[in-house]
Amino acid sequence: MDTDALLLTLRLAATTTALLLLAAIPLAAVLAYATTRWRLLLEALVALPLVLPPTVLGFYLLVGFSPLTALGRTASTLFGHQLVFSFAGLVVGSVLYSLPFAVQPLTAGLRSVDPRLLEAAATLGAGPLRRLLRVALPLAKSSLLASAVLTFTHTVGEFGVALMVGGSIPGVTRTLSISLYDLVENAQFAEARHIALLLLGFSTVALVALYTAPLFPRGERRAS
Amino acid sequence: MTQPFLHVRCDAPVGTLRLCIDERIHADWTVLFGPSGSGKSSLLRLLAGLWRPRDASVLLHGQDLTLLPPHRRSIAFVAQTPSLFPHLTVRGNVAFGARTPIDPLLETFGLASLAYAGIRTLSGGEAQRVSIARAIATEPHLLLLDESFTGMHRNLRRQLTVILRQIQQQRASAGSPLPILSVTHDVAETFACADDVLRIEDGHVLARGNATAVLAQERADLISGL
């Protein structure tokens, strides 16, 4: 088992999930509650990675972050090294590619919150941010959890963008799925089987836990 | 109060009717009386800032609230169905937005023993008491009650009316009066609460005055229509 690849994959998934949840909360709030028509355009852009071939996104990141572009030079100054073929570049690619997995469940969750509760909060003096943090998000916490699980799981299984942006540098950019690809290419099927089984098991357990969570609701108590 | 503290004006469509109102409110407790679908609740939503038609204005104590969002109006709104936050306890709900110590309020509304109860375990009457206590805890400049006593036992309604009157007296003696505007189509409730009654039908104020005069007028209209 390639433990370096395993640890790198977990670090990448955790970093991507943390960053995406921070970005997804305001984005989902805009998509759920904004009344402007621009919201629809934003919604389409957020959904783009669902249909875009990962290699296309990887290609544009590769070109965009090359030292020949202003963006690439700025990123190099910011991180102290070029973004392509680095862990930071891998994170940027993962954040963009997993964006809909974080935003869409949370948007649906926020939209399902009873609007009368948000109106009540407003008449009790709560502004938009307080309504989001104190009412909408706690009531949509299962959607927030779904966003986190889906983002983490999707990042663990990411291949196309990771390969295009990061290549396969051991300990730096070689994730489990890239390691699996390399092993198969070199006909090392015994070890490839272990990694494939690990990825299959992880994804299955995560999704079964997510989908069966509503079967185990938490009870309420009543003071006597 | 004798001087008008609230001036509300509206000429806008709502559903199938048009709400045409231009009224100055001066009483401690004003009751909007009329049949369902006559525009009473829309008027309360207009005051609370939850409905903001273009051709409408709201002046409270001389301050123009027309363009202000609901959270900046200091107008508390209690709906017919209590919109309590299900993820908070009774205490958490009353504390939401509170600007005053909540323990005395919980005592006043008979909720002290339920302070840490979940919202889903409450009866309808208990939930509505939480809703009203929560609104009063924000120390609003105006309290709107949208058929908030509907479905309650008569004794509980009477008890809540007394409590609200006591709170009004306390607020008035502290120099920050709490006028109330309530919506009802219940005659007994109108007599019990009203200092001033606005009878609203089809989006228009048909009559205004004390409860006896307005209800007598309605009776006369009914008989003449037979």
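Two strands are taken to pair if DSSP finds at least two bridges between them, where strands (E, at least two residues) and helices (H or I, at least four residues) are DSSP runs numbered from the N terminus. The model described here is predicted, so local features need pLDDT of at least 70 and side-chain atom pairs count only at pLDDT 80 or more, while totals for chains, interfaces and linings use all residues. Residues are numbered from 1 along each chain as its sequence is written, chains are lettered from A and ligands numbered from 1 in the order in which they are written, and side-chain values use heavy atoms, with hydrogens and water left out.

Six strands of chain B form an open sheet in the order β6-β7-β8-β3-β9-β10, with mixed pairing. At its edges stand β6 (75-78) and β10 (204-209) of chain B, each of which pairs on one side only. From one strand to the next the twist averages 20 degrees.

Strand β9 (residues 196-201) of chain B pairs with β3 (residues 29-33) of chain B in the parallel sense, over four bridges. Within this pairing, Thr30(B) has Asp196(B) as its bridge partner, and Leu32(B) stands opposite Leu198(B). Towards β10(B), β9(B) runs antiparallel and is joined by five bridges; here Leu198(B) faces Arg208(B) as its opposite residue. The two strands β9(B) and β10(B) make a hairpin with two residues between them, and Asp202(B) in the turn has a positive phi of about 50 degrees. Five of the six residues of β9(B) are buried, so this strand is largely enclosed by the rest of the structure; buried means under 20% relative accessible area, exposed over 50% and partly exposed in between (1.4 Å probe, protein chains only).

Helix α5 (residues 154-173) of chain B lies across β3, β7 (142-146) and β8 (180-184) of chain B and runs at about 140 degrees to β3(B). Axes here are lines fitted to C-alpha atoms, for helices over the stretch in contact (heavy atoms within 4.5 Å), and angles run from 0 to 180 degrees between N-to-C directions.

Over all chains the structure holds four aromatic pairs, counted when ring centres of Phe, Tyr or Trp (its six-membered ring) lie within 6.5 Å, with planes under 30 degrees apart stacked, over 60 edge-to-face and the rest tilted. One of them joins Phe152(A) and Phe202(A), with centres 5.9 Å apart and planes at 55 degrees, so the pair is tilted. Because Phe152(A) lies in helix α8 (residues 141-156) of chain A and Phe202(A) in helix α11 (residues 189-212) of chain A, the pair ties together parts that are 50 residues apart in sequence. Phe152(A) is partly exposed at 22% relative accessibility, as is Phe202(A) at 29%. Another tilted pair is formed by Phe159(A) and Tyr181(A), at 5.2 Å centre to centre and 55 degrees between the planes.

Helix α10 (residues 176-185) of chain A also holds Ser177(A), which is buried with a relative accessible area of 9%. Leaving aside neighbours within four places in sequence, Ser177(A) is in contact with Val156(A), Gly157(A), Glu158(A), Phe159(A) and Leu199(A). The side chain of Ser177(A) reaches the backbone oxygen of Glu158(A) at 2.5 Å.

Note on methods
A polar contact is a pair of N or O atoms within 3.5 Å; within protein, one must be able to donate a hydrogen and the other to accept it, and residues adjacent in sequence count only if both atoms are side-chain atoms.
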